[in-house]
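Have the viewer open and follow along.

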Amino acid sequence: MAGNRRQGSTGDHRSSFKHGKSKYNRSSESREREKENGNSTGIVYKLFLVAVAIGIAVTHRNHIATMFEKDRHFSHLSTLERELAFRTEMGLYYSYFKTLIHAPSFMEGLNQIMYDNVTEYPQTINVLKRFNLYPEVALSIGYRIYEDVNARLNRQTKVCWQVNRGEGKTPVQSCEGLGEPSYFYVESAFALNGIMMGIFFLFGTYLSDRMIGGILTVACYFFNHGEATRVQWTPPLRESFAYPFLVFQMLLVTFTLRCKSPNIYHSVAIALASVCFMLPWQFAQFALLTQAMSVMGTYVLQYIDDRKLKVILSGQSLGLAISYVLLFGNEMLLTSFYASCLISMWIILFLRPVLDKLHFKIIIMAVQSLLLAIGTVCSKMVVGKLLNIADDAHIGEIFRSKFSDFKNFHTMLYTCAKEFDFIEEITIWKFLWTLLLPCSMVVFVTAVFFILKSEYSQWKNPVVANGSAVHASTAESQGRNRPDAELVYHLFQQVAFATMAIMIMRLKLFWTPHLCLLTSLLASKKYFGWCGRKEAHFAMLAVVLAGMAFTGIQNLQHQWSIMGEFSNYPMEDLVDWINDKTPKNAVFAGPMPTMATIKLCTHRPIVNHPHYEDAGLRERTKMVYSIFSRKPGDEVVKGLKELKVDYVIYEDSWCSRRTKQGCSMPEIWDTEDFENRGKTPFCDILRDHPEPYFKRVYMNPVYQVLQMV
């Protein structure tokens, strides 16, 4: 019986084992099915996000294109009128697009802009290197392909009709469609910025881990559209082609900071995005400088380890090197603070084993911060001295003039312009009325509190390592990454962009979108889970969105209500006269914005232009602008003859207008020309009596053409 009991016991055991195995298989299969369902749901969700991003991209493209059309009535302008609508730098950039598409071949057009003797006559310069013209190069290739494919398919690419302008003006032909060069050009800028808004939505969604965060980001951007971008008014400007790539590059950096094990592919992606940002815009280096310092700040606080910093730093350094090569050794990149900052960061990284011997975290952080600041400044000075380059010297002078009584001719030309002044008070009020600033401040304060609480918690609860207790922060710094690194980076980035915008109003175009991005974190369960249950959190977000919309929709309605129709008959008459009455090799000088139009519409050589970042060009412009000084006529004419000028375009408004006290052209000259202070400005003499130095050969209510005698 005992044996029978043992047998029964064994049989029961096997039976039980088989039954357990069957339950295990069902449980395993159930988990696999749940995993498959979860994967399917995740894919559907991601496809839905992409679909929403595409819809937002199309909406934003239509929004800015509609405003541009309503502001200028662009579709009904003639080719000449459209070109006249591209004032200042815009006309200069578009002129090179025209050169590239009208040349017999693309390579011939490329050769013309690489060996250009029309822009700074009589010098021959590489304008592709100097003016960041890769957008025009890429668009010219696209335009040629578009026209060639449609020609082969025998498809029409534009529709033309005659427009009666009235006011005694002759009718003009107006063409619409992508086959019209100006249309292709501006539509490309609008499409790119439409895509940027789609990426912005995905960025906000990724940062907050919720789609509602992306919607908040986009809503904030639209409600503050006039403070976030100028693409709807000035599509050819460099920022229109560059900024979308900065948004994508920042998304890649954020992804890398959040990634557990970043690799070389992350570096390559960051490098390519950085190149696409740097090639179109000479000011990209300053935004990337703030990014490098923000990432370094995250590293100094020990939120990322050496490996992660190396991945990001490698991407930034590779991007800078590629841009330097593609811009034919552009010296402003090599001598930039950005390049010097990257050098300092590599040095700090290599010195890590030495700095770790200091043991105390606060001392290590202080030494790293000092090395970054001192190393960046010293590297910048050394490289600048070795290469004897002063192209960006005016940038330091502009910042110096902001905080002292220092000023000279060049800094005054910048600081007297509204966009280079301190941020306007009304801008801050606009951010308050749309709740953008209050919401971003709530996010900022909450994030700082969250990080400080986490720091305190880790300090209070030591981790045991190798048998001894060490603080968690120290353990993490020894090879492990800490959570919230991307949040720390964005907080640093926000402070940097805010500082830039407050000092130079034009740079609010970096700050405003980043305020919108930070607002997405209101939707984060991680940082705002204290709001309560999911329903309560969504209710709070709905209230915030409604509050933003109260003023935000009014802002949009104001933008939609702007109606205009471009016309500039005095400039049109001037261009027609130059084309009809002057030799094709006649050399012109005058105010920078006007010179860009003359080059674009007449193809005549000019000696100065609005791209003011080159030291040599600044001195040439100063010689031309001596006509607005109090210098003797003989001295003014001597400088113009050195530049081989044939005609000077005189605009009386430049002699008398001022944006603020001390900003008329004669007053700007008074900052340097002490010996002639108090004398009658030479431009006042030219207005009525150009002889014996010049001969007036053309005059309309705005412009005079004075021929050198």
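## A look around the chain

Ser 95 sits in helix H3, which spans residues 88-102; helices (H or I, at least four residues) and strands (E, at least two) are DSSP runs, numbered from the N terminus. Before going on: this is a predicted model, where local features need pLDDT of at least 70 and side-chain atom pairs count only at pLDDT 80 or more, while totals for chains, interfaces and linings use all residues. Residues are numbered from 1 along each chain as its sequence is written, and side-chain values use heavy atoms, with hydrogens and water left out.

Back to Ser 95: its relative accessibility is 3%, so it counts as buried (under 20% relative accessible area, with exposed over 50% and partly exposed in between; 1.4 Å probe, protein chains only). Setting aside neighbours within four places in sequence, Ser 95 is in contact with Lys 599 and Leu 600, contact being heavy atoms within 4.5 Å. With Lys 599 there is also a side-chain to side-chain polar contact of 3.3 Å. A polar contact is a pair of N or O atoms within 3.5 Å; within protein, one must be able to donate a hydrogen and the other to accept it, and residues adjacent in sequence count only if both atoms are side-chain atoms.

Zooming out, the chain has 33 helices and 8 strands. Of its 709 residues, 54% count as buried, and the C-alpha atoms fill a box of roughly 135 × 65 × 50 Å along the principal axes. Among contacts between residues at least 6 apart in sequence, 72% join residues at least 24 apart.

Now for some loops. Asn 126 lies between helix H4 (106-114) and helix H5 (127-130), and it is buried at 16% relative accessible area. Its side chain reaches the backbone nitrogen of Leu 128 at 3.1 Å. Beyond its neighbours within four places in sequence, Asn 126 is in contact with Ile 113, Met 114 and Phe 328. The loop between H4 and H5 also holds Pro 122, which is joined to Tyr 121 by a cis peptide bond with omega of about 0°. Another cis bond runs from Glu 691 to Pro 692, with omega near 5°; Pro 692 is in the loop between helix H33 (682-688) and strand E7 (694-699).

Which residues other than glycine have a positive phi? Asn 132 is one of them, with phi near 55°, and Asp 484 is another, near 70°. Asn 132 is in the loop between H5 and helix H6 (134-152) and is buried at 3%. Asp 484, in the loop between helix H22 (472-477) and H23, is buried at 6%.

Axes are lines fitted to C-alpha atoms, for helices over the stretch in contact, and angles run from 0 to 180 degrees between N-to-C directions.

| Helix pair | Angle | Axis separation |
|---|---|---|
| H15 (residues 337-350) and H17 (residues 361-387) | about 135° | 8 Å |
| H12 (residues 284-300) and H23 (residues 485-503) | about 140° | 8 Å |

H12 and H23 are therefore oblique to each other (angles under 35 degrees count as roughly parallel, over 145 as roughly antiparallel, 65 to 115 as roughly perpendicular and the rest as oblique). Residues meeting there include Gln 291 and Val 295 of H12, and Tyr 489 and Phe 492 of H23.
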